[in-house]
Amino acid sequence: MFKSLGLVVDGTFNSGLIVRLNPGVSLEQLRIGNFVVVDGQHNRYFSLISDMQLKATDPRMLSDPPRQASPFVAHTLAGTSTYATVEVKPMLMLEKVDETDADALLAEGTGPQPVRTIPMHFAELREATELDFATVFGQEGGSNFAMGMPLAMDLPICLNLDRFVERSNGIFGQSGTGKSFLARLVISGVIKTRVAVNLIFDMHDEYSFDKQTEDGHFVKGFKQLFGSQVLVYTLDEQMARRPGRNADVTLKIGLNQIEEADIVLLSEQLNLRPTAEATIGLLHDVYHDRWLLKLLEMTQEELDEFCRASGAHPASMASLQRNLKRLPRQDYVLPEASFSTLDDMVEALDRGKHVILQFGRHNSVLDYVLVSNLVTRRVRHRYEEKMRRYEETQKVGQEPRPLMITIEEAHKFLNPAVAGQTTFGTIAREMRKYNVTLLVIDQRPSGIDDEVMSQLGTRVAGKITEERDIEAVLTGVSNRSALRGALASLDTRQQILIMGHAVPMPIVMRTRTYDQEFYRAMGARPNTAASAEADISDLFGD
Amino acid sequence: MSRIGEIIETMSTGFVAESFELNRPPALGSLVVVRLPDEAGARATEVDLYAVVTYGRTAGIDPSRRAVRRSTDEVFDQAIYRQNPELERTLRTEFCAALVGFASGGQMYQHLPSQLPPLHFSVHHPTAQEVQRFTNRLQYLRLLAPPYAAPAAASGAGQVPPLQVVAANVRWVYKARGRDEEWLKAAAREIATLLKSDHEALLTVLYAIEPVHATDAVEES
């Protein structure tokens, strides 16, 4: 049986309903963002609590509150003379059918609809039941992946992963709110349900193998959970040789693969002047793909020669050369490299493998931005080709698998200054045209370009208190006022707000725990690592 | 003997009755009943009219003559009555009661009856079951609480503040129902609803019906 909370006494369609709480219902039992149901005469309204207010029937009481009132007096006043109202924002509505027939209720063809009206006076507000949750969020199974549970109930709330991978998505939260843990959860779901393949740029080496969490225990990485379905690429040769947690492929970057856009993205890290872009342009005109190689090899005379010939400014040429000399010093950068490793990677993705790119010791922002952007550009390029081919032939088997690219510190690629130039910016804006989407992980969403933010399909947010970040996360979301309070009031751990394309309505939930039970649900077998290695040697030879 | 008085003045909102016992009118706020059998008036069925005692007083029969002091150093208090048996004849105790509902055909109604109680009919104590049944619903409090209460039914001198009548009634019913905490809480809430726009009035009643007071206070039944 459900618990009645109060009656609708006021409200507007635009700003929501005002509900007076029943005596005996304390505000402290409720939370901003709670999922509640308003029972209208013809519809059920699935709603969120967006605001709370204390009221008194006689304003004089507030100027002279009963100070030493006995429990009896206090108990009588509570809920009668002094009472509380909550503001409730209907999100979805469902036409009422025979409530005694649970099957008919779930099987209903139409399902919850967007809200088009509001209930009349004295409609009852009540706590949501399991049936309500199931009606709105569906049941586990298929591409429905249980992300967590309601705050006060033990039943799964599902994310529709088919819809999830249709758009680029974001995971946001202050540091310490478990963003990478959330990412691990979502990506596990995507791997398990096979709705897409993943390419993960793993800046801090936390996704492939065991990782100690902040509260001290070890959690499994994807390699251990999903075995040979996951390939680990690394920039760091030492990583590749560790027993038991070795990477599958070591990735090298050639100077010939680095493009103008990569360098511009690194302006800050490389201390480049604003003129650098123009200078690189001139170099590129002459030497094409080999411009960086050539520039780094130039002697002083050759530099002067080039400046005379092209009209480049000698000082900026010299400083550009000086600054870019940092690049070949990185271990993973070779003078020249072919794209074959990257192309193999794309093929592996297309076979349904998931790829994690580890940075190992090379985890500075410079390495991360340079390599991620370069790799992504190549991957997207190949996907574009594949997609074109598929569009020409229209053979079902040739459609490239949907790819989800996970990037951390996303504002480095997607801030307003560079979002127009990076491949990530392009992917985020063009959505799933080429079956490639992003999973953006960031703690400062306000640093991400508005245009990119508004294109995000589903947002998963942990606690955020900074006003600008809250604004940013809610860019392009309807009913922002209702969600603002919910975002700021989440617990630091294990509580998230999910909104957008993959859930029917925004919802606050406790996240699923990432533990033995979860591993079992993901189908992890004992000795996964051993069998994974066997699989890999089968696939790649030695 | 459940008869406690006889109606000597009657109105649509209540009546004044003379108590059979000198100086012992029914308790302030207590529920009393006037029983009208079938044949009384034009009524088709038996009707019980319920009223709440709102006022009581004892005075001389002759309103023009005020009572005089009768005590001496040796004879005072109860002894005065033993020494002056005529006082039982020259003094009288009367009480006022406000109608709060009636029972008819097995149903309880908590609004004013269409007919006033007939003059000279008896006023009774209700049975415990009647009290229980009648007070199961709390709408009758609306007939007592200001500003909805009818003007006092008393003829003549002053009256008890309606808030105190409400409080007295709640205290009395609470005891009559065997210290029913749930009922008391419900009644307190009902009163809080009635007095929602007057905080001080509400607190006046609440302080007066708090159970701690009820146990400490010496109350006549």
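**Figure 1. Strand β18 of chain A is largely enclosed by the rest of the structure, because 5 of its 5 residues are buried.** The strand spans residues 354-358 of chain A in this predicted model. A residue counts as buried if 20 or more other C-beta atoms lie within 10 Å of its own.

**Figure 2. Both faces of β18(A) are covered.** On one side of the strand lie A:H354, A:I356 and A:Q358, and these residues are buried.

**Figure 3. Strand β11 of chain A runs parallel to β18(A).** Strand β11 comprises residues 197-202 of chain A, and 4 bridges join this strand to β18(A). A:F201 has A:L357 of β18(A) as its bridge partner.

Figure 4. Opposite A:V232 stands A:I356 of β18(A).

**Figure 5. Chain B contains 7 helices and 7 strands.** Read from the N terminus, its elements follow the order β-β-β-β-α-α-β-β-β-α-α-α-α-α. Of the 221 residues in chain B, 36% are buried. When contacts in chain B between residues at least 6 apart in sequence are considered, 73% of them join residues at least 24 apart.

Note on methods: Residues are numbered from 1 along each chain as its sequence is written. Chains are lettered from A and ligands numbered from 1 in the order in which they are written. This is a predicted model: local features need pLDDT of at least 70, side-chain atom pairs count only at pLDDT 80 or more; totals for chains, interfaces and linings use all residues. Helices (H or I, at least four residues) and strands (E, at least two) are DSSP runs, numbered from the N terminus. A residue is buried if 20 or more other C-beta atoms lie within 10 Å of its own, exposed if 12 or fewer, and partly exposed in between; C-beta atoms are placed from the backbone. Two residues are in contact if their C-beta atoms, placed from the backbone, lie within 7 Å. Two strands pair if DSSP finds at least two bridges between them.
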